[in-house]
Amino acid sequence: EKDKREEKLLLGKSMADIVPGDLPVALGLGKKERECVRRPEGKSGGVLSPEAKMESALEKYTENKSTAQMSSLKAILKILQKVEKKPNDVRSRRLQMKNIVVKKFITGVKGAIEFMNACGYQEVEIGDKKTKYLVLKDVDKVILQLGIQRIQARIADIKSGKVLTVSKPKPVRVICKGGCGFYGSSDTNGLCSVCYNKTIFGAAPPISSSSTKKEKKDFKKHLKRVRTKLAAVYRFRMGVKKPKTIQKNKKRCFTCNKKVGYLGFECRCMYVYCEAHRLPAQHFCTFDYRKHQSSRLARENKKVVHSKLTKLE
């Protein structure tokens, strides 16, 4: 009868308004299933129930920023929903700790690993290299449903603004005790980095103007050397252009020296070829067709751009 009363009371409530202890009733679980989820601490030998573990993990979530909480909870929700739909899916039940998604949304967020442990995931080393994985050995649908409902409720709370993040106090900036005008820190006994180095290593020797002039001259000489070296390397890689050979007898093919007469084919590379070698691919043509066509298009198709400023006459 008590269970029926609880169900009637919770029918009109949304997930955000439900108290964590009343979640098993809201999920529509039976008596035995409720007892599995709600384990009193005294009877189970001091072991917390999955629901209590989830609550403590979600409390740790408040130490993170709201954006980090949302992204982490959404990532975990997707994983749990995949396991619920396909319990035999190995990818969702076995998550590598080195994975970028796991690093960013689970190990990099406070309380995320604790929540995964509450859902049944455990850290296991697999293989000879002992790579770490988060493995779900036994799929308990009751705990999975509870975890999904808790995440959905927390997401709704974050969106509505009920969950408040713990803001860290900003460090107070103190002016340097050495009297230089800069800010100091507690790590350097209230001094700035320059004054702290002076106290430890002593005052630095004054820099003369003659030494700075010498350094500038040396730098300019070094620049000139580097430029000459770079120019030499560029010329070496580009290669020296050989002078183009001139075809003296244009009544013969340039490649096979076959007699052509006046029926030869003159290519754009300014050489005459027979019928067998008239195509550019057959005589290794050196003419740049792409450059020729691009220049022709640029010459024929002029840009029509509207003037941005109106001329005053």
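Glutamate 125 has lysine 132 as its bridge partner in strand S3. Strands here are DSSP runs of E with at least two residues, helices are runs of H or I with at least four, and both are numbered from the N terminus. Two strands pair if DSSP finds at least two bridges between them.

Before going on, a word on the source: this is a predicted model, where local features need pLDDT of at least 70, side-chain atom pairs count only at pLDDT 80 or more, and totals for chains, interfaces and linings use all residues. Residues are numbered from 1 along each chain as its sequence is written, and side-chain values use heavy atoms, with hydrogens and water left out.

Valine 124 is bridged to tyrosine 133 in S3, and glutamine 122 to valine 135. The hairpin of S2 and S3 has four residues between the strands, and glycine 127 there has a positive phi near 85°.

On to the whole sheet. It is open, with three strands in the order S1-S3-S2 and antiparallel pairing. S1 (94-96) and S2 (121-126) are the edge strands with a single partner each, so one side of each has no neighbour in the sheet. From one strand to the next the twist averages 30°, taken between lines fitted to C-alpha atoms, with angles from 0 to 180 degrees between N-to-C directions. S1 and S3 are joined by three bridges, again antiparallel, and leucine 95 has leucine 134 as its partner in S3.

How many of the six residues of S3 are buried? Five of them are, so to speak, under cover, where buried means under 20% relative accessible area, exposed over 50%, and partly exposed in between, with a 1.4 Å probe and protein chains only.

Next, helix H9, residues 141-160. Its 20 residues should span 28 Å at 1.5 Å a residue, and the end C-alpha atoms are 29 Å apart, which agrees. The expected span is 1.5 Å times one less than the number of residues. Just after H9 comes glycine 161, with a positive phi of about 95°.

Most residues other than glycine have a negative phi. Asparagine 189 is not a glycine, yet its phi is positive, at about 60°. This asparagine 189 lies in the loop between strand S5 (183-184) and helix H10 (193-201), and it is exposed at 52% relative accessible area. Methionine 270 also has a positive phi, about 70°, without being a glycine; its loop runs between strand S6 (265-266) and S7.

Valine 272 is in S7, residues 272-273, and is buried at 7% relative accessibility. From valine 272 to tyrosine 262 is 10 residues in sequence and 10.0 Å in space, C-alpha to C-alpha.

Last, the second largest pocket, with a volume of about 280 Å³. A pocket is an open set of points on a 1 Å grid where a 1.4 Å probe fits, with protein on both sides within 12 Å along at least five of seven lines, and lining residues have an atom within 4 Å of a point.

Note on methods
Points joined across faces, edges and corners; volume = space filled by probe spheres on them.
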